[in-house]
Amino acid sequence: MRLIALWALTSLALLHLPPAQAGSATAGSILSKQAAIAIATSSMPAGNSVTGSRCTTMVRALSARYSCTVWWSPAPLSGDG
């Protein structure tokens, strides 16, 4: 009986899973933040749209390196309607 109850609760939990999370990519560049963002964005699947980005700048020995993460949302599903 407990096994059936556990199965039922598990089944209900699976029905209420949150939607898939957006994708992301991180890239670095020694040129600029824009270059790091462009490199990270190049990993984004076609049709998706950027939803946000965050960059950090690291300076060592008077030389800067930029690391940027870009997030994107999945492309909307297309259908015949």
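The protein chain contains two helices and three strands, where helices (H or I, at least four residues) and strands (E, at least two) are DSSP runs numbered from the N terminus. The model is predicted: local features need pLDDT of at least 70 and side-chain atom pairs count only at pLDDT 80 or more, while totals for chains, interfaces and linings use all residues. Residues are numbered from 1 along each chain as its sequence is written, and side-chain values use heavy atoms, with hydrogens and water left out.

**Whole chain.** Begin with the protein chain coloured by secondary structure; along the sequence the pattern reads α-β-α-β-β. Of its 81 residues, 16% count as buried; buried means under 20% relative accessible area, exposed over 50%, and partly exposed in between (1.4 Å probe, protein chains only). Contact means heavy atoms within 4.5 Å. Among contacts between residues at least 6 apart in sequence, 53% join residues at least 24 apart.

Next, select β2 (residues 49-60) and β3 (residues 63-73). These strands run antiparallel and are joined by eleven bridges; pairing requires that DSSP find at least two bridges between two strands. They form a hairpin with two residues between them, and A61 in the turn has a positive phi of about 50°. V59 may then be selected together with A64 in β3, which stands opposite V59.

C55 lies in β2 and C68 in β3, so the pair ties together parts that are 13 residues apart in sequence. The torsion about the S-S bond is about 115°, and the disulfide is therefore right-handed. C55 is partly exposed, at a relative accessible area of 24%, whereas C68 is buried, at 0%.

**Residue T69.** Finally, select T69, which is found in β3. T69 is buried, with a relative accessible area of 14%. Its side chain makes a polar contact with the side chain of T26 at 2.8 Å; a polar contact is a pair of N or O atoms within 3.5 Å, in which, within protein, one must be able to donate a hydrogen and the other to accept it, and residues adjacent in sequence count only if both atoms are side-chain atoms.

Key: Disulfide = S-S within 2.5 Å.
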